Amino acid sequence: MLIEKKDAFAERKAMIMKQIEERNKRDRSFLRTGIYGEPKVCKSSLALDSLTEQQIKDGWKVWVLDWDSGCEPTWRNNYNAAKHIEIFDPNVYNDDGSPNLELSEQLSEDFVRMVQEALDEGTKGKFVLDGVDKWKERCFDTLTKGKKDSDFRFPPHLWGKRNRRYKLLMDKIFKLPCDVFLITHLKDVYEGINNPNPVGKEPDWHKMTPPMLYQTISVKKMKKVNKFEHIATIDASKTNTPLVGKRYVVLTVEDGNVVWNNIPELQEGSL
């Protein structure tokens, strides 16, 4: 028995030392970046354009788990269906048109596992979860499946079931040894109980998500006469505090002319 305990300790010690060694080899922390804003303001484009030209030449990948089912048009029209960007849409539906929640969830986890295998084999890249709000909605659907509207009152243990499903996928994603980007839309924030009124907007992800992130970027679209500007603002950065508040005009459209500017710090990993 004593020998077994000693062997078990040796295995755990090896795991600890391996983690420390791998961390010391890295020249920076991995990005854990949340990108949020209204629809069609270039949120996905920032993540798809997260590689430098040299990284693309060196064979790096951008893996996209597209719960939002909207990355393909951006990929085809703006990136010429670039081979270094690999998109997977996990949404699966039953014959009657209803979402197959279980299979969709399993495919999501399998895609993350495939990315982990690629990284373990030496491929370098970055990971994107596009549609965090859609994933959260699907986790909620696991509670409402087969229920009527009048039955949508759940005991705490059922909310815990939704939260566990949400967190399980997030945990798998954040264990990936690469930069990670989470993309979501905004949702209305209400005040009042009997007559709630919208008082603002906030990112539509579960409240457990922000503590997992090191950086957050908000993206907005502004109209100036006949010109549209898409502006990304660094709201928070645990890894590069001087960047907080910095604004980037990432897309300008004027009289049919389009100008795209990426965020260098995002590509370089110094965000």
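This note goes through the predicted model point by point, from the overall fold to the sheet and the pockets.

1. Overall content. The protein has eight helices and eleven strands. Its C-alpha trace spans about 80 × 55 × 40 Å along the principal axes. Of the 271 residues, 42% are buried. When contacts between residues at least 6 apart in sequence are taken, 61% of them join residues at least 24 apart.

2. The sheet. Nine strands form an open sheet with mixed pairing, in the order β3-β2-β4-β5-β1-β8-β9-β10-β11. Its edges are β3 (85–88) and β11 (257–260), each of which pairs on one side only. On average, and with direction ignored, neighbouring strands of this sheet are turned by 20° against each other.

3. Pairing around β4. On one side, β4 (residues 125–130) pairs with β2 (residues 61–66) in the parallel sense, over six bridges. Within this pairing, Phe127 of β4 has Trp63 opposite. β4 also pairs with β5 (residues 179–184), again in the parallel sense, here over five bridges. Leu129 has Leu182 of β5 as its bridge partner.

4. Burial of β4. Six of the six residues of β4 are buried, so this strand is largely enclosed by the rest of the structure. Gly125, Phe127 and Leu129 point one way from the strand, while Lys126, Val128 and Asp130 point the other way. Burial holds for both sets, and thus for the charged residues Lys126 and Asp130. The cut-off behind the word "buried" is a relative accessible area under 20%.

5. Helix α5 (residues 101–120) lies across β2, β3 and β4. Relative to β2, α5 runs at about 170°.

6. The largest pocket. The space in the largest pocket comes to about 730 Å³. Its lining consists of 30 residues, and those nearest the centre are Cys42, Ser45, Thr74, Asn78 and Tyr79. Two or more lining residues come from each of α2 (43–48), α3 (53–57), α4 and β11. The biggest contribution is that of α4, with six residues. Sorted by class, the lining has 14 nonpolar, ten polar and six charged residues.

7. The second largest pocket. This pocket has a volume of about 490 Å³. It is lined by 19 residues, with Phe30, Trp60, Lys124, Pro177 and Cys178 closest to its centre. Both α5 and β4 supply at least two residues of the lining. The largest share, three residues, is that of α5. The lining has five nonpolar, five polar and nine charged residues.

8. Points to keep together when viewing the model. Helix α5 lies across β2, β3 and β4, and the largest share of the lining of the second largest pocket comes from α5. Strand β4 pairs with β2 and with β5, and is largely enclosed. At least two residues of β4 belong to the lining of the second largest pocket.

Key:
Residues are numbered from 1 along each chain as its sequence is written. This is a predicted model: local features need pLDDT of at least 70, side-chain atom pairs count only at pLDDT 80 or more; totals for chains, interfaces and linings use all residues. Side-chain values use heavy atoms; hydrogens and water are left out. Two strands pair if DSSP finds at least two bridges between them. Helices (H or I, at least four residues) and strands (E, at least two) are DSSP runs, numbered from the N terminus. Axes are lines fitted to C-alpha atoms, for helices over the stretch in contact, and angles run from 0 to 180 degrees between N-to-C directions. Contact means heavy atoms within 4.5 Å. Buried means under 20% relative accessible area, exposed over 50%, partly exposed in between (1.4 Å probe, protein chains only). On a 1 Å grid over the protein atoms alone, a cavity is a set of points where a 1.4 Å probe fits but cannot get out, and a pocket is an open set with protein on both sides within 12 Å along at least five of seven lines; lining residues have an atom within 4 Å of a point. Grid points are joined across faces, edges and corners, and a volume is the space filled by probe spheres set on the points.
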